[in-house]
Amino acid sequence: MKKVYLNAIKIIISIILLTFVIVKVGLEEIIGTFLSMDLKYIPLILVIYFISVILGAFNIYLLLKKINVKLNFLIILKYHLLSWSVGLFMPGKIGEFSIIYLLRKEGIHYGKGFAIAFLDKFITLFTLLLFSFIGFIVFFGIDYGFYILLAILTLILLAFILTSSFGSKIIKFIFRKYSSYFEVFRDTFKEFFIKHKMNLFINFLITILKWFLASIVVLFIFFSFGYSANIFLITLISMSLIIINLVPITFHGLGLKELAAVYLYGLIGIPGEISVATYLIFTIIAYLLGVILMLSFGHFFFKKTSL
């Protein structure tokens, strides 16, 4: 019940922030921007966005191969797309970890599945923080960049703890009777940092490509409204917005994302109505795709486990 109230508060804050942004920028201007959109860009926008989502499945596939899990890529793609879509509708995108449950249906131990999902999110967060560090320095100054650097160092410290013997003791103390599951998680996590560093680096590069493609989507939406901007700056802003959205005060960053976008893109000459319309379109695309994927692959949640 407490969680329901908390989510309700987040939705209310999102509505308030979004209303403030719309009033500040101007409802007529935003509607006019939507109506001025050049629709010929839509197919290209959808294709690039979908490719960026698919790259996430490829990352999972590469990680699973390194622990000798031989699953068809199409199966992993379906599971990734389904867990990604579930993540859209759950707080903090925690729903993306539902892929652990789906992988278990293929006989993959919960501990290993959790390690793979966690590693992928770990690298994603590290990538976002790294580029946001540059972005925060460029747009906010060195003082704000320090806070992002602190978050990066915290992430590195977490990896060090999980791969050390000290981490094993912490797991046994905290999880006790469930520690066997987390020992498998820790062993798998540790194995990658010891034996498969190159694979982690490849995941890092693919993650950069994934977010770069998402930035290109933003660029093409700008094009459809008759505007343009430096793709490097768009990438920095896009990644910085995701980090800002991790502040858990709104529902999936709705309202906060648009407010921050108006400010940040305003610094590079993009009008507020263009920024708001762009990120509303981005959100609409994501949720429409999410609904389609859940309707298409939702039955996998009811598939019997192989063990």
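Buried means under 20% relative accessible area, exposed over 50%, and partly exposed in between (1.4 Å probe, protein chains only). The model is predicted: local features need pLDDT of at least 70, side-chain atom pairs count only at pLDDT 80 or more, and totals for chains, interfaces and linings use all residues. Residues are numbered from 1 along each chain as its sequence is written, and side-chain values use heavy atoms, without hydrogens and water.

**View 1. Phe122 and Phe193 form an edge-to-face aromatic pair.** Ring centres of Phe, Tyr and Trp (its six-membered ring) must lie within 6.5 Å to pair; planes under 30 degrees apart are stacked, over 60 edge-to-face, the rest tilted. Here the centres are 6.2 Å apart, with 90 degrees between the planes. Phe122 belongs to helix α6 (residues 110-140) and Phe193 to helix α9 (residues 179-195), 71 residues apart. Helices are DSSP runs (H or I, at least four residues), numbered from the N terminus. Phe122 counts as buried because its relative accessibility is 9%. Phe193, at 26%, is partly exposed.

**View 2. Ring pairs join six aromatic residues into a cluster: Tyr49, Trp84, Phe222, Tyr265, Tyr279 and Phe282.** The whole structure holds 20 aromatic pairs.

**View 3. Helix α7 (residues 142-162) has buried residues along one face.** These are Gly145, Ile148, Ile152, Leu155, Ala159 and Leu162. The face turned away carries exposed Ile142, Asp143, Tyr147 and Phe160.

Note on methods:
Helix = DSSP H or I, 4+ residues; strand = E, 2+ residues; numbered from the N terminus. Arc of directions from axis to C-beta.
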